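Open the model in your viewer and keep the selection panel at hand. The stops below say what to select and what is there.

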Amino acid sequence: MTTILFELGTEELPPKNLKTLRDALTDNVKTALDTANIHYDSLKSYAAPRRLAIQIQGISDKQPDRTEQKRGPAVKGAYDAEGNLTKAGLGFTQGLGIGKDDLITISTDKGDYIGYNLTVKGQTTSELLPTIFQQALDDLPIAKRMRSGASRDEFVRPVQWVVLMADDAVIPATIQGHTTSRQTRGHRFHAPDFTMINHANDYESLLAERFVVADFDKRQQAISEQVQKLADEVGAKAIVPQALLDEVTALVDYPVALRASFEERFLQVPQEALISTMQADQKYFCLTDDAGKLQPYFIFISNIDSKDKAQVISGNEKVVRPRLADAEFFFLQDQKQPLFALTENLKTRVFQDQLGTIWDKSERIAKLAAFIASVSEGDVEATTRAALLSKADLASTLVGEFPELQGIAGTYYARLNNEPQAVADAIEEQYLPKFSGDKLPATPVGTALALADRLDTLVGIFGIDQAPTGSKDPFSLRRAAIGVLRILIEKQLPLNLVVLLEQALLGYVGKIADLPKTFKSVMEFINSRYRAMYEDQGVSVDTILAVQKMQPAVPLDFDQRIKAVQTFRDLPQAKQLAEANKRVANILAKAEGEVAKQVETAYLQEHAEKELYQAVTHAQQTVAPLQQTANYAQILTTLAALQQPLDDFFEHVMVNADDANLKNNRLALLQQVRNLFLSVADISELQL
């Protein structure tokens, strides 16, 4: 079987997108081969700074032949009375170059037609591949393409060469404006000249000899192993974020990891600032001890195998020193005044044109956070202090240089100012969770502050009619809403959203024109986040809808109901009870007038309705104490016992009896059944 090799040689590709380009090219080629019905055994992709390549093993030489059925005019219009072809029939045969004897009859619902089974010869793979690869390149997710010189061909970077081979032969074609060949290039410095590829199977080994590790994953594995080895030598742990590892892998052809150091005096600076500048600006891997404390070392990946590695290490140390010195300067400069003094600058910094300054927001947060602390038995004084200091570091020079340190810098400065530990910790925790799955605030003060900050933003932005639209959410309100729900649920806080939003609105009296409308909009928005949040956890949509029908105002209560319904779904009676609830809901919806609240035992005539009444009465007595403790799972387990008497009732009892008293009494009985289930969720929503 044949091996195909395709390589696109370019100037250095965007490192943050190289992995994406490789994966997209692979997917595009696979899809095209499948669509063309070309069989192959395996397909491997390569990606390095100056190349994207595809190697296909065991590919078939051509497409299989296929049969297309051509349908002509109706039989009655294709033949005359003597059985000869009419003009319509002759037109069909002449168009296909066939005779009368080649025709078949195609029977359909609309009658019989003449037809012909046309055999279409499959094209050779070598004929199809140039188009497949060109289209795959055209379909890559490239935001902005460029042209090189006078060429009209566009790509993310200028194309330098194109290889297209089948085993040891070149497939002649023009791709991206370049004629295909068997010539590739090695490492830009170690092996810059063109070299010939004798066979498509030699590609990876040939490049390895020329200092190019073409396989992205192998190159990344080599980097990880080298970094680990260098970290172990000094008894440290390397910080290796996946995004940074991907980017560094995309920057080098031939990775050589080297360890360097910096002066220990820089360790007095918040380590987050040092790590940030080394990772973002220099693409270095930082080292910490087992406790997570930064060590005075870093590891970088060189793209050359230098004969004088000490010079390379020294050069990197010289480059990073000014950046660390800048962070040190900003940190020391900020300490010339206490943290609270920085809040004066917040009084002239706008949070939002219609909602005032950042200081105005801090004051609103302080009042709301203090209320949350008071109803959750927290430290009101510490919470108020933390809230007033919460945004102070936004005016610091350190955060001005490293915006990602907001909150973190404030915590450092608060500790240096001998603020209470709870206050200092809360300043950083106010921003948690920062993303899906992120950790939550650990302290009560931080929890109150995180809730207050998000609720204030939600109410304020909705109050000025700037709610998210479609995919646009400039104020990250969706993330803020889910953050509120996660904190209240996962921290086991039985706080009522209605109460919290009412308190948040008090801070905007005089600033927001329509407070009731804002309350309703924010409440609906937060409630709509439940679905996205629980779907991510694998909860079925119908379970979420069943609970949402009850509109619980306490997120913790909502979560408890969700878990109860999930447990209920696994019960053997669940399906029949869900269907019965649908039937009960439909019957009650059609009832005329108000359904009685009490069941009159005197009107219970049938044995099945008496049995159901007794079962309902027993369930009400059993469920009552469970409702007091919100033991929803046990409530639904108890109500599962209603399945059989409810089925018997519908089988033997006519609800819409001619006697109005009997009819109304039976409706009242069904209403009690319905109310029992609605104490947890609307079970009729379940699709089992």
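**Stop 1: a three-stranded sheet**

Select β4, β6 and β5: they form an open sheet in that order, β4-β6-β5, and the pairing is antiparallel. This is a predicted model. Which strands stand at the edges? They are β4 (66–74) and β5 (104–108); each has a single partner strand, so one side of each is left without a neighbour in the sheet. Look along the sheet to see the twist, which averages 45 degrees from one strand to the next.

Now keep β5 and strand β6 (residues 111–120) selected. The two run antiparallel and are joined by five bridges. To find one of these positions, pick Ile 104: its bridge partner in β6 is Gly 115. In a regular strand, side chains alternate between the two faces of the sheet.

Helix α3 lies across β4 and β6, and it runs at about 160 degrees to β4.

Arg 71 lies over the face of Tyr 113, at 4.3 Å from the ring centre. For a second example, select Lys 361 and Phe 351: here Lys 361 lies over the face of the Phe 351 ring, 4.6 Å from the ring centre.

**Stop 2: β18 and its partners**

Select strand β18 (residues 294–302). Is β18 mostly covered or uncovered? β18 is mostly covered, with seven of its nine residues buried.

Cys 286 stands opposite Phe 298 in β18. The two strands β17 and β18 form a hairpin with five residues between them. In the turn, pick Gly 292, which has a positive phi of about 90 degrees.

**Stop 3: aromatic pairs**

How many aromatic pairs does the structure hold? There are 15. Begin with Tyr 46 and Tyr 203. Their ring centres are 5.2 Å apart and their planes stand at 70 degrees; an angle over 60 counts as edge-to-face, so this pair is edge-to-face. Tyr 46 lies in strand β2 (residues 42–48) and Tyr 203 in helix α5 (residues 203–209), so the pair ties together parts that are 157 residues apart in sequence. Both Tyr 46 and Tyr 203 are buried.

Compare Tyr 284 and Phe 298. Their rings form a stacked pair, 4.4 Å centre to centre with 15 degrees between the planes. Tyr 284 is in the loop between α8 (271–280) and β17 (285–288), while Phe 298 is in β18; the two are 14 residues apart. Tyr 284 has a relative accessible area of 2% and is buried. Phe 298, at 0% relative accessibility, also counts as buried.

**Stop 4**

Select Leu 432 and Pro 433 and look at the peptide bond that joins them. This bond is cis, with omega near -5 degrees. Pro 433 is found in the loop between α15 (421–429) and α16 (444–463).

Move to Glu 377, in the loop between α11 (358–375) and α12 (380–389). Glu 377 is not a glycine, yet it has a positive phi of about 55 degrees. Is Glu 377 buried or exposed? At 79% relative accessibility, Glu 377 counts as exposed.

Then select Ala 630, in the loop between α23 (607–628) and α24 (632–639). Ala 630 likewise has a positive phi of about 55 degrees although it is not a glycine. Its relative accessibility is 23%, and Ala 630 counts as partly exposed.

**Stop 5: the whole chain**

Clear the selection and zoom out. The protein chain has 26 helices and 20 strands. Its radius of gyration is 36 Å, well over the 26 Å that the globule rule gives for 688 residues, so the chain is more spread out than a compact globule. Along its principal axes the C-alpha trace spans about 110 × 95 × 50 Å. Of the 688 residues, 48% count as buried.

Notes: Residues numbered from 1 in each chain as written. Predicted model: local features only at pLDDT ≥ 70, side-chain atom pairs only at ≥ 80, totals over all residues. Heavy atoms only, no water. Phe/Tyr/Trp six-rings, centres within 6.5 Å; stacked < 30°, edge-to-face > 60°. Helix = DSSP H or I, 4+ residues; strand = E, 2+ residues; numbered from the N terminus. Buried < 20%, exposed > 50% of the residue type's maximum accessible area, 1.4 Å probe, protein only. Lys NZ or Arg CZ within 6 Å of the ring centre and 35° of its normal. Pairing = 2+ DSSP bridges. Axes fitted to C-alpha atoms, helices over the stretch in contact; angles between N-to-C directions. Contact = heavy atoms within 4.5 Å. Rg over C-alpha atoms; globule rule 2.2 N^0.38 Å.
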